[in-house]
Amino acid sequence: MPNFRQLPMSVSWRHLQLLRRQTYFGVVKMSSSNTSQKSIIAVCQMRATDNKEENLETCRNLVASAKQFNAQMVFLPEACDYIAKNKNQTIEMSEDISNGPTINAFKVLATQHQVWLSLGGIHEKVDEKTVRNVHVLLNPDGQVVARYAKLHLFDVDYKEGNVFLKESSYCKPGDEVVPPVPTPVGNIGLSICYDLRFPELSTRLRMQGADVLTYPSAFTFATGAAHWEPLLRARAIESQCYVVAAAQCGAHSEKRSSWGHAMIVDPWGSVIAQCSDGVGVAVAEINHDMLRKTRLSMPVLQHRRNDVYPSLKPTTLSLIDDKVEPECFQFGQVTVKGSGIFAKTNLSMAFTNKKCVVPGHVLVAPLRCVSRMSELTPEEVSDLFKLVHEVLPIVEKTYEGTSVTVVVQDGTDAGQSIRHVHVHILPRRRGDYLNNDDIYRDLAKHDKEDSTVGQWRTEEEMASEALMLRTEFKKSSS
């Protein structure tokens, strides 16, 4: 087995200050100066009851503790809002999660601490008889960037372990796999608890570009003791992803207890951080170098026999409808409106430009925000240039070009002004420049405020162009 460094840490509120002085990440002592550029995450463990305000206060303390370790993203467990005593109470306590008091409190929490929050499972009110178990992702501005409804419902009668639950009697299942969400710590794949037992879901998320798989849970004590760690490690090993599993623990009521042992598992299957039996936080680093090395040394995704099981083939180009969700995508230090995107895959996007050097000057970028090509995974590089390959003929034809200039400015000293890898695609015509290579001079200065190259365009103009290019994509694919 390769000698990958482990990052052990288990933190409770009571021992937080002591551990701040004793804990190491690999061989580097944790401090604000040497962790600011690392992808630090925190997985939480709690004991929810039917008291929403007490549960919320527990979550506040957990997030505050995680923030002291410079965590950029904090993962809370399934049912972090409440665990009721019975089915009727579960339905009665559910809320609207678009603008209900509980979700709004979590939005404030994310904003207050400037962290990404994974709310592992919120009870969404569907109607008077039904709820939906929804995993919600919030960014540091308190915006909902993704929501996933639990696909697999826990209907189990395990008499030997005194476990009987029928989630389908009050919960409506989801009906889609949500593509991995780009975040500062990597592409996050969303799932919930019982989903852990279905490897097809983790395989699909990995094929869609996941770096981190999440399994926020309220595992029963009996099933957790037998299966919790083996399943989490198996999902990490087979997908070559980090696995983050926030957990409920202890007795929630007279009839229900949870196993606990929230943990983070690395792509080699090693448990690198774990909570004990009580309420607390465990913190670790997402090591993207290790992630790449693991996948390069054993490229299981390339070895998959998709000719034998074609249902798991990776999806590629997705044609964009007039309504694009989410509304905005992060592009370095700015955002890209969904209305300006004309083609998108699970890992990349093609969109219209705010200021064009020549008509039809468009951009293609990875969904995950990284500044240098070397930071992309092999899957992201392959997907990025596959999309470039598909965009080229569409743009050239639409703008009646005879050639195309393709440019990547990799780093600030190469002229990169937006700190996000992106490919410039510029359709060319004979004679469009007296000196053909002068286009590179204009490209270097076109987006400067005082530049006279091109004109700044409105969102409406960019959206109109994107709609035209979407139409051309649909024609070419039909």
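Modeller: On a 1 Å grid over the protein atoms alone, a cavity is a set of points where a 1.4 Å probe fits but cannot get out, and its lining residues have an atom within 4 Å of a point. Grid points are joined across faces, edges and corners, and a volume is the space filled by probe spheres set on the points. This is a predicted model, in which local features need pLDDT of at least 70, side-chain atom pairs count only at pLDDT 80 or more, and totals for chains, interfaces and linings use all residues. Residues are numbered from 1 along each chain as its sequence is written, and side-chain values use heavy atoms, with hydrogens and water left out.

Colleague: What volume does the second largest cavity have?

Modeller: The lining of this second largest cavity consists of N187, R206, G209, D211, R295, T377, E379 and E380. By the rule above, the space inside the second largest cavity is about 40 Å³.

Colleague: How many charged residues are in the lining of the second largest cavity?

Modeller: Asp, Glu, Lys and Arg count as charged, Ala, Val, Leu, Ile, Met, Phe, Trp, Tyr, Cys and Pro as nonpolar, and the others, Gly among them, as polar. The lining of the second largest cavity has no nonpolar residues and three polar ones, while the number of charged residues is five.

Colleague: Which elements give two or more residues to the lining of the largest cavity?

Modeller: The largest cavity has a volume of about 50 Å³, and its lining includes T102, I103, I122 and H123. With helices (H or I, at least four residues) and strands (E, at least two) taken as DSSP runs numbered from the N terminus, the elements that give two or more residues are α5 (101–113) and β5 (116–125).

Colleague: Are the residues on the two faces of strand β13 buried or exposed?

Modeller: In a regular strand the side chains alternate between the two faces of the sheet. Buried means under 20% relative accessible area and exposed over 50%, with partly exposed in between (1.4 Å probe, protein chains only). In β13 (residues 242–245), Y242 and V244 lie on one side and V243 and A245 on the other, and all of these are buried.

Colleague: Which residue in β13 is the bridge partner of T214?

Modeller: Two strands pair if DSSP finds at least two bridges between them, and β12 (residues 212–214) pairs with β13 in the parallel sense over three bridges. Within this pairing, the partner of T214 is V244.

Definitions and conventions: On a 1 Å grid over the protein atoms alone, a cavity is a set of points where a 1.4 Å probe fits but cannot get out, and a pocket is an open set with protein on both sides within 12 Å along at least five of seven lines; lining residues have an atom within 4 Å of a point.
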